[in-house]
Amino acid sequence: MRDLNFHHLYYFWVVAKEGNLTRAAQQLHVSQSALSSQIRRLQEQLGQELFSREGRTLRLTDVGHVVLEYAESIFNLGSELLALTQSGELQRMQRLRIGSVATLSRNFQENFLRPVLDEDQVKLLIRSASLEELLEQLKVHKLDLILSNRAVAADSSTPWRCQQIAEQSICIVGPPGQGAKRFRFPEDLAGAKLIVPGPGSDIRSQFDLMCDQRGVQVDPYAEVEDMAMLRLLARDSGGLAVIPEVVVQDELSSGRLQKYCVLEDVAERFYSITAKRHIELVALKTLLQRSHALNA
């Protein structure tokens, strides 16, 4: 039985990802001739050509694509093992690393994490970034979970597990008082000092579609991507804000803001994104089970 040379496979993996021998050799700190020799030995061992050359660019053959999928799994699994041993999770299994999309509601994050906030043995690490940046960290097991308001699709090299964990209603809120009682939807939207999520938001897309279907034209006073800023403007501007109810839950409870109406055709969906791993974290399992129970 032949033993696979993982050193050769690693060199192949880097070359396949770079698509260029020069860049791969620089990254690996070896000469191009030495790198070519390693790749050639791997091809000889497998009995298959892994690359075809087009000018200065290397293209994966059909077999090369299959080998790359195996290499991705092998080296991502190695990253998982390294992350576990370095953090001590093989002994404790209670350190939880959460990635949160930067624009996500802080209230939603806190509500989601509440089941483990009082657990002394659970240590939380929370990072905020774009979804693309967080997925790169999840891929190499530097994160255990991503919270997102956008779903992602899995493929052979990135077998994400993406599950909807919550759905929040979107409402129009504004200053407390008689204005809320007199507000007529959708007639009063056109003349309102309106604060809405930014154009890149799924909420905004749904809201715009709803207005278009009802023949209502709105000229927003402010368009805001960040939910924390949207919350502040909703609270302090004196205008009306289109916003997930969870974002302003404290202001609604205290009476600083009042709900004018609920937009029945608009909702924000929240997703958990995890990577397949061989050891299941107890704290992560607790959070996901609790979330599913609340939203079942």
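This is a predicted model: local features need pLDDT of at least 70, side-chain atom pairs count only at pLDDT 80 or more; totals for chains, interfaces and linings use all residues.
Which residue forms a salt bridge with Lys-139?

1. **The opening pair.** The partner of Lys-139 is Glu-72, and the closest N and O atoms of the two are 3.9 Å apart. Lys-139 counts as buried because its relative accessibility is 16%. Glu-72 is buried too, with a relative accessible area of 7%.

2. **Other salt bridges.** A search of the whole structure turns up 14 salt bridges. One of them joins the side chains of Asp-188 and Arg-184, at 2.9 Å from N to O; Asp-188 is partly exposed, at 21% relative accessible area. Another pairs Arg-256 with Asp-236, with 3.8 Å between the closest N and O atoms. Arg-256 belongs to the loop between helix H10 (249–254) and strand E10 (258–275), while Asp-236 is in helix H9 (residues 227–236), so parts 20 residues apart in sequence are tied together.

3. In soluble globular proteins, nonpolar side chains tend to be buried together. The largest nonpolar core here has 51 residues, and those with the most contacts inside it include Phe-112, Val-173 and Phe-207. Strand E6 (residues 160–174) gives the most to this core, with six residues. Domain 2 (94–166 + 270–294) and domain 3 (168–267) each supply at least three residues to this core. Leaving aside residues up to four places away in sequence, Val-173 touches, among others, Ala-234, Leu-240, Val-248 and Tyr-260.

4. **A second core and helix H3.** A separate core of 22 residues includes Leu-9, Ala-16, Ala-24 and Ile-39. Ile-39 is also one of the buried residues of H3, along with Leu-35 and Leu-42. The cover over the buried residues of H3 includes helix H1 (6–18), helix H2 (21–28) and strand E1 (51–54). Just after H3, Gly-47 has a positive phi of about 70°. For context, the unreviewed UniProt entry annotates residues 4–61 as "domain: HTH lysR-type", a span that is 62% helix and 14% strand.

5. **Leu-96.** This residue is in strand E3 (residues 95–101), and Leu-96 counts as buried because its relative accessibility is 0%. Although Leu-96 and Ala-283 are 187 residues apart in sequence, their C-alpha atoms are 7.0 Å apart in space. Beyond its sequence neighbours up to four places away, Leu-96 touches residues including Leu-124, Asp-144, Ala-283 and Leu-287.

Notes: Residues are numbered from 1 along each chain as its sequence is written. Side-chain values use heavy atoms; hydrogens and water are left out. A nonpolar core is a set of buried Ala, Val, Leu, Ile, Met, Phe, Trp, Tyr and Cys residues joined through side-chain atoms within 4.5 Å. Buried means under 20% relative accessible area, exposed over 50%, partly exposed in between (1.4 Å probe, protein chains only). Helices (H or I, at least four residues) and strands (E, at least two) are DSSP runs, numbered from the N terminus. Domain bounds come from an automatic or database domain assignment. Contact means heavy atoms within 4.5 Å. UniProt positions are given in the numbering used here, feature names are shortened, and annotations may be inferred rather than shown by experiment. A salt bridge is a side-chain nitrogen of Lys or Arg within 4 Å of a carboxyl oxygen of Asp or Glu.
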